[in-house]
Amino acid sequence: MYPISQINLRPLFLIIAIGSFAITSRGQGTATGKTTVAEWQYGKNGAVSITYDDASRNQFTRALPVMERLKMPATFFVITGPIKGSKYQGKFIGRPVQDIIKESATVPTNDQNFLERCSAAGYLGYKGTISFHTKAGGAYDSGHRDRAFKLMDSLYLKVRNGDFQPGYEPCPEYLQAIGSSWDDFRKDAAEGYEIASHSITHATMPGLDEANIRYELEKSKEDILNQLGPKYTFSAEVPYGYENERVMQIAYKIYPALRNRMPEPWLKEIDRASRKTPGVADKDYIQWQRGATTKTPLPLMKSWVDTAAVRKDTWLVLVFHGIDSLGYEALNHELLDEYFQYIKSSEDKLWVATFGDVTKYMREREHAEVKSSNDGNGKITITLTHSLDKKMYDIPLTLKTYVPSGWKAVKIKQGNHSSQIQPTHDDDGSYVLYQADPNGAMITLSGS
């Protein structure tokens with residue numbers, strides 16, 4: 001149960017109305033007791049989620065201290081294989097690799113055997129083979145299948161010819177993540193940071209068959225579950241941001257929320273590779289992903305924040321990778337410090353929250369039902385429910401309830417928690433904004 005708190009912010013206009021009172025025409029007042037769910041928590045204009053991929057060491061030694069100082073939440077999509085204490089490491093699920101190597105001498109790579117060969121590529125017993133897996137998987141996803149097949153034929157020829165040194169060598173992202181422990185992540189989680197899955201080894205999943213996709217995602221989830229608990233198995237990001245349909249259909253069944261893609265009838269998605277801006281939308285929400293690179297000017301990065309702050313329907317999802325020369329498109333932590341301070345300065349308009357929390361809030365709101373009644377004796381009663389899994393979807397919703405114009409103070413009570421706040425006014429009358437737990441006790445409002 002979360003304490004009910006006062007929120008004095010600007011009026012809301014983009015809201016869901018599910019209740020027992022009808023809104024009268026603007027300017028003529030709104031029925032007492034009319035209650036709606038605010039589009040964003042605390043009645044903010046928009047939302048921002050700061051996310052990091054790969055869990056490279058500098059994210060935690062350079063960027064995290066900045067965020068801790070500013071008291072800003074974030075989501076870290078971590079590669080679980082290199083974490084000290086992980087049970088599951090990279091492996092190939094399938095027949096013996098020597099059989100695959102032998103077969104490659106007489107059967108060229110084709111549609112029937114590509115996924116098996118690409119899945120096994122990093123586990124043939126030699127160093128330097130993982131780059132062939134990464135390149136071939138990317139080519140296969142982009143439709144360049146002949147190139148992908150040639151890369152596999154070249155790899156297996158080199159293996160048969162003994163061109164590689166024996167051993168195992170993971171991808172660079174895996175190596176850059178070595179150093180963290182589950183104790184480190186338990187501490188981060190206790191401070192409010194979301195730790196989420198980025199697979200076991202950062203594999204290129206369009207190049208994996210189903211068994212190996214499932215191993216990478218399910219066993220990463222299992223390690224997180226065993227080390228951190230079920231709260232941190234909600235979100236995931238398939239490596240490299242791929243939106244491959246085959247991969248997505250498998251991943252959707254394992255994780256409730258993917259940053260790669262979130263197909264919801266009420267959500268418009270703009271991925272970070274797109275040059276589109278939110279523009280005119282015919283859906284309740286817009287998820288606008290932006291990924292700053294070393295070539296992205298800071299004024300442009302700040303303009304993304306400004307857009308989210310004024311639109312009222314936009315969830316800005318920021319994607320970062322490398323920090324201070326370590327990792328992909330590594331940004332200087334001093335630049336991030338300035339940028340995060342800029343986001344912090346807009347907290348009166350923007351709800352800064354983890355990827356998982358924003359996802360949960362939107363889904364709860366879209367599945368919420370609000371019923372309110374006025375007993376005529378100075379008391380308004382409200383029930384707030386949603387139809388989702390109650391254990392998984394436990395984020396408080398922000399309600400807006402219109403109260404009689406004569407009320408100078410409003411006591412709000414839900415279960416054992418209560419508070420007293422002063423109403424705010426808009427063109428439709430006097431109202432209060434407050435936090436409430438869905439599927440909890442009845443909410444009562446009384447005035448004085």
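**Entry 1: helix α12 and its strands**

I looked up helix α12, residues 355–366, and found that α12 lies across β1 and β13. I noted that α12 runs at about 45° to β13. I record here that this is a predicted model.

**Entry 2: the sheet containing β1 and β13**

I next asked in what order the strands of this open sheet stand. The order of the four strands is β1-β13-β17-β16, and their pairing is antiparallel. I found β1 (35–37) and β16 (424–426) at the edges. Each of these two has a single partner strand, so one side of each is left without a neighbour in the sheet. From one strand to the next, the twist averages 35°.

Strand β13 covers residues 397–403 and strand β17 covers residues 429–436. Seven bridges pair β13 with β17 in the antiparallel sense. As a point of reference for the eye, I marked Y402, which stands opposite Y431 in β17.

**Entry 3: the sheet of five strands**

I turned to another open sheet, which has five strands in the order β11-β12-β18-β14-β15. Its pairing is antiparallel. Which strands stand at the edges? They are β11 (368–374) and β15; each has a single partner strand, so one side of each is left without a neighbour in the sheet. Direction ignored, neighbouring strands of this sheet are turned by 15° against each other on average.

I checked two pairs here. Strand β12, residues 379–386, pairs with strand β18, residues 443–447, over four bridges in the antiparallel sense. In this pair I located K379 opposite S446 in β18.

The other pair is strand β14 (residues 410–414) with strand β15 (residues 417–421). These strands run antiparallel and are joined by five bridges. K413 stands opposite S418 in β15. I also inspected the hairpin of β14 and β15, which has two residues between the strands. In this hairpin G415 takes a positive phi near 60°.

**Entry 4: helices α10 and α11**

I recorded the crossing of α10 and α11 as right-handed.

Which residues of α10 and α11 meet? From α10 I listed L298, M301, K302, W304, V305 and D306. From α11 I listed L335, E338, Y339, Y342 and I343. The residues of this contact divide into eight nonpolar and three charged, with no polar residue.

**Entry 5: helices α2 and α5**

I examined helix α2 (residues 97–104) against helix α5 (residues 145–160). The two pack at an angle of about 105°, and their axes are 9 Å apart. The range 65 to 115 counts as roughly perpendicular, and α2 and α5 are therefore roughly perpendicular to each other. On the α2 side the contact is made by I100, I101 and S104, and on the α5 side by Y156, V159 and R160. By class, I noted four nonpolar residues, one polar and one charged in the contact of α2 with α5.

**Entry 6: helices α7 and α8**

I then followed α7 to helix α8, residues 210–228. The axes of α7 and α8 come within 10 Å and cross at roughly 70°. The two helices are therefore roughly perpendicular to each other. I recorded the crossing of α7 and α8 as right-handed. W182, F185 and R186 of α7 make the contact with D223, I224, Q227 and L228 of α8. I classed the residues of this contact as four nonpolar, one polar and two charged.

**Entry 7: salt bridges**

Finally, I asked how many salt bridges the count comes to. With a salt bridge taken as a side-chain nitrogen of Lys or Arg within 4 Å of a carboxyl oxygen of Asp or Glu, the count comes to 26.

I looked at one of these salt bridges, in which the side chains of E68 and K187 meet at 3.9 Å, N to O. E68 lies in helix α1 (residues 57–70) and K187 in helix α7 (residues 182–190), so the pair ties together parts that are 119 residues apart in sequence.

Note on methods
Residues are numbered from 1 along each chain as its sequence is written. This is a predicted model: local features need pLDDT of at least 70, side-chain atom pairs count only at pLDDT 80 or more; totals for chains, interfaces and linings use all residues. Side-chain values use heavy atoms; hydrogens and water are left out. A crossing is left-handed if the near helix is turned anticlockwise from the far one by less than a right angle, and right-handed if clockwise. Contact means heavy atoms within 4.5 Å. Ala, Val, Leu, Ile, Met, Phe, Trp, Tyr, Cys and Pro count as nonpolar, Asp, Glu, Lys and Arg as charged, and the others, Gly among them, as polar. Two strands pair if DSSP finds at least two bridges between them. Axes are lines fitted to C-alpha atoms, for helices over the stretch in contact, and angles run from 0 to 180 degrees between N-to-C directions. Angles under 35 degrees count as roughly parallel, over 145 as roughly antiparallel, 65 to 115 as roughly perpendicular and the rest as oblique.
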